[in-house]
Structure formats: C-alpha cells, structure tokens
Amino acid sequence: MASAKKIVCLGAGYVGGPTMAVMALNNPDSQFYVTDQNAARIAAWNSAKLPIFEPGLDAIVEKIRDKNLFFRVINPTLLAEADVVFVCVGTPTKDYGEGKGMAADLQYTELAVRDIEKHCKSGTIIVEKSTVPVKTAEAILQIVNAQAGGKRFEVLSNPEFLAEGTAIQDLMNPDRVLIGHAETNAGVAAAETLKAFYTAWVKSERVLLTNVWSSELSKLVANAFLAQRVSSINSISALCEKTNASVREISRAIGHDSRIGPKFIEASVGFGGSCFKKDILNLVYICRQQGLTEVADYWQAVIDMNDYQMRRFVAQIIEMQFNSVAGKKIAILGFAFKPDTNDTRESPAIYVCKRLIEEKAQLFIHDPQALGNAKKDLAGIDSGVTYTLDIDAATEGAHALVILTQWKDYAALDYAKIFQRMQKPAFIFDGRAIVDAEALHTIGFNVAQIGVRAMRN
Ligand SMILES: NC(=O)c1ccc[n+]([C@@H]2O[C@H](COP(=O)([O-])OP(=O)(O)OC[C@H]3O[C@@H](n4cnc5c(N)ncnc54)[C@H](O)[C@@H]3O)[C@@H](O)[C@H]2O)c1
C-alpha cells in the first residue's frame, strides 16, 4: 500500500481522467489532482456531464470526486505540493518542421516538464504516461536536472495500455503495468514508490519493471502489433470480396489457432483512434532515423494498408451507387472510431464522410455519443450534412446506409422496416461486418459487407 501522497496529473484527457479515477478509487489515502490548462475541460469534469464517455467512469467519478479525486485548472501551488506528477498530455503527430507527418510532437510534454521543474520540489517523481518516442525520459531528465536551482528528479516511464471503450475495465484489471526506471538506486526506489500505488489493486506479478528504453518502446510496439493484425485481416478481406470466401469465417478459423488467438482479427473499414496511426508513424520515423529502412518500410505498410482499405470502401460505395452519389441521401451509422466512446480522432468515418461530401452526397449522420465531435471534424464542409440521434430520420428516404462504427444497436435494427422507407434500389455498406448480410439481402437490400462478395439484386 502506498503511503499517503499528493499526486498531480497534467492532462485531463482520455488517459489522465480515467487513469487517475481508478488509481484514486484504489488509493483512498492519497489525493489525486487531475489538472489541465483547458478550463472548459476541467469545468466539464466537475459537472454532471463528463467530457469523455467511457462505460463505468461516471460512477467512479461521482463516488470520489472532491473526496480524494479533484479536477483543477493547473496552478503552481498544486505542483509545489506534489510528491508524484503524471504527465498525460497529448503527443500528436507533428504537423510542422522536421519529422512533419511522422514524428511525435513533444512540445506539450516539454512545456509540462518545464512547469514541473519550475514549481515542484526536489525529489518529486515524474511519471511519463503519455506515449513518447524512445529516449524521451532521458531527455526529460536532462532538462529537469540541468536547471540552475539544483533540484533533482526521478523520471519513470509508465505507458498506458488502456483501450477506449473499455478503459475502466482495462484499468481495473490490466494485463500488465509497465514501469521503466533508471538503473540506479534512486531509479529503483522511485519505481517501487509507483508500484505501491498499483499493487493496491493489481497483483504484484503483473507489475513489470524494465529499463526506460524497453518501457517506452514496448508501448509503440504493442500498438504496432495490434494495428498490424487489423491490417493483415483487412488485406485478406479484399481477397475474400473477389472470391467466395468470407472473412468472418476465416477470422473464426484462424482465431481458433491458439498461436493466433481471436482478438484483433475482425475485418473492417479500417482502424482509427488517436494512437495506432500516430504511434506507428513514430516507430517508422525512429527506424528511419536509425537507418533501418527495411524495418521502417515494413511498419509503414500497416498504415498504407489501412488507407487502402478506407479508399476502396468509398470507391465501392460510389461504384455501386451507379458511379454517382451526388444529391443522394446517405445515412451514416456511427462516427466514433469504435463503440462505447465519443472519441472520433482518426476515425475512418472522417475520411469516408469527407470523400462522400466531395462527391456531393447528402449525409445524415447518426451516432449515439459522438455527434459533437463529428460536427467539429466536419466543420466548414458540412452545410449539406444533418446530424441526428434519430435513426428513423437518418434512414428515411435514404439511398444507402453506411455502417462505420460497431455500435451494438446497429446489428439489431429493424432493417425490414428501414428497407420499406428507403429509396429503391436500397443499399447497405457494412464497414464493420456486423449485420447478417444474407438476411438483409433476402429483405431486398443490395449488400456490400467488408470481406464478402457484394450481394446485388
Ligand atoms: N487515448 C487513448 O486511448 C490512449 C491510450 C494509451 C495512451 N495514450 C497516450 O496518452 C497521451 C494522452 O492521450 P489522451 O488521449 O488522453 O489526450 P487528450 O488530448 O485527450 O488529453 C491531453 C490533455 O492534456 C492537456 N495538456 C496539454 N499540455 C498540458 C500541460 N502542460 N499541463 C496540463 N495539461 C496539458 C490538454 O489540454 C488535453 O486536455 C498521448 O500520448 C496518447 O498517445 C492514449
């Protein structure tokens, strides 16, 4: 059990909020301050409607908010009193200068770290939870320990492996917790301090201590491997659509092989989310920097396959709509990059909708949680777009339905009723392979589902 401490987290986002909520729940004697410069985000965390949707999160926040979990705009006093500071700020792909479009943009990390150095007391443990390139902890250490005041800090790498949509479940029962530390007595002691917070609810053998390099690189590699599985099965989905094989049957068949396993082999319009693409691009960039061209090309292909999958999905929609969607009402079912989240970052829906808007389609977008973010993503090009929480309004009179998120409800809609009220011929493009394609074809739909040959009437 960790001794009572004051913890400050910089960054009240998809990682900072849920991570600290679960840590605070399990460490009731310590105080956790989740902070951000974004006052509106902090206000939302302190309101009845949290800024992020994540099953199970509301209940935890409601239980411990203002008891040992606090949401505050960042201020120097909080930092001055902190024993441990988690850095959970964004590390998006750089959109300028050296490494543009590839490398991680570490400006937020560096600003956070300089704030820590300025305001925190000597001995504060800095925990790098954001996903960062290898050697970032080393750079942080150089920055904080090189300042004139003579303060000393320990820097730990503690990458977060939660998946949005199941964040609370993942945090409550993690496969592993990784703590990378300097191979010094002080580094080991800092790692043990952090480990004590986790072992309040995680079995000790699941907390893995490694050197900092391995810890930082493990996070990038984990995401690269997961994304690679998606791209691998997506490549096979293209082949299935040309033949009489079904990708779902293939996933089932290979997933039963215990060496392969059933997870992350569901074909789809493509992976999204704030992490996969960004982290692989970062890995590719690091490999190129190290002169490992073949290794970089290998991982780049995972992203190229994902782009190809989205492109060919849109191409199929247009081709099956008699080569034009101009003026046609198209119902978009789902905008979030996956179910049970309102996050739309890098969602394939953004690409698909932008392309259909370019082709002058009239989009009616439905999503139970993500319409707010969808509006931001399509701002400036959405004069012909209607956002709705009403499935009937979205689908009535539509030429086509396009499923882009695997929300459970979309598998169980009354498609016979929807069909009656659509334009004919009616089409469904299932980018998540969730509907019963045969049954919909029997109703009368033309069905194009990822990974099976299109069923036309
Ligand atoms: N979202 C995920 O599923 C996930 C999973 C694992 C790891 N990660 C990694 O965790 C990190 C954070 O991701 P996220 O999705 O929570 O990002 P996010 O954009 O939701 O949140 C980051 C927050 O940090 C704040 N911030 C920036 N600079 C700050 C500073 N100096 N002080 C205080 N706050 C500051 C921003 O205002 C923002 O609210 C990234 O490196 C990401 O790659 C994300």
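**Figure 1. The protein chain is assigned two domains, domain 1 (6-202) and domain 2 (218-457).** These bounds come from an automatic or database domain assignment. What you see is a predicted model, in which local features need pLDDT of at least 70, side-chain atom pairs count only at pLDDT 80 or more, and totals for chains, interfaces and linings use all residues. Residues are numbered from 1 along each chain as its sequence is written. Taken over C-alpha atoms, the centres of domain 1 and domain 2 are 33 Å apart. Where the domains meet, 19 residues of domain 1 are in contact with 19 residues of domain 2; contact requires C-beta atoms, placed from the backbone, to lie within 7 Å. The domain 1 side that touches domain 2 has 13 nonpolar, 4 polar and 2 charged residues. Here Ala, Val, Leu, Ile, Met, Phe, Trp, Tyr, Cys and Pro count as nonpolar, Asp, Glu, Lys and Arg as charged, and the others, Gly among them, as polar.

**Figure 2. Helix α9 (residues 212-242) crosses helix α11 (residues 276-289) at roughly 115°.** Their axes come within 9 Å; each axis is a line fitted to C-alpha atoms over the stretch in contact, and angles run from 0 to 180 degrees between N-to-C directions. Helices (H or I, at least four residues) and strands (E, at least two) are DSSP runs, numbered from the N terminus. The crossing of α9 and α11 is left-handed, meaning that the near helix is turned anticlockwise from the far one by less than a right angle. From α9, look for Leu220, Asn223, Ala224 and Ala227; their partners on α11 are Phe276, Asp279, Ile280, Asn282 and Leu283. This contact has 6 nonpolar, 2 polar and 1 charged residues.

**Figure 3. Helix α13 (residues 348-358) has buried residues.** They are Pro348, Ala349, Ile350, Tyr351, Val352, Cys353 and Leu356. A residue is buried if 20 or more other C-beta atoms, placed from the backbone, lie within 10 Å of its own. The cover over these α13 residues includes α12 (293-320), β9 (329-333), β10 (362-366), α14 (371-377) and β12 (400-403). Just after α13 comes Lys360, with a positive phi of about 70°.

**Figure 4. A step back shows the protein chain with its 18 helices and 14 strands.** Its radius of gyration is 24 Å, close to the 23 Å that the globule rule gives for 457 residues, so the chain is as compact as a globular protein of that length. That radius is taken over C-alpha atoms, and the rule is 2.2 Å times the number of residues to the power 0.38. Along its principal axes, the C-alpha trace spans about 75 × 50 × 45 Å. Of the 457 residues, 47% count as buried.

Conventions. Contact = placed C-beta atoms within 7 Å. Buried ≥ 20, exposed ≤ 12 C-beta atoms within 10 Å, placed from the backbone.
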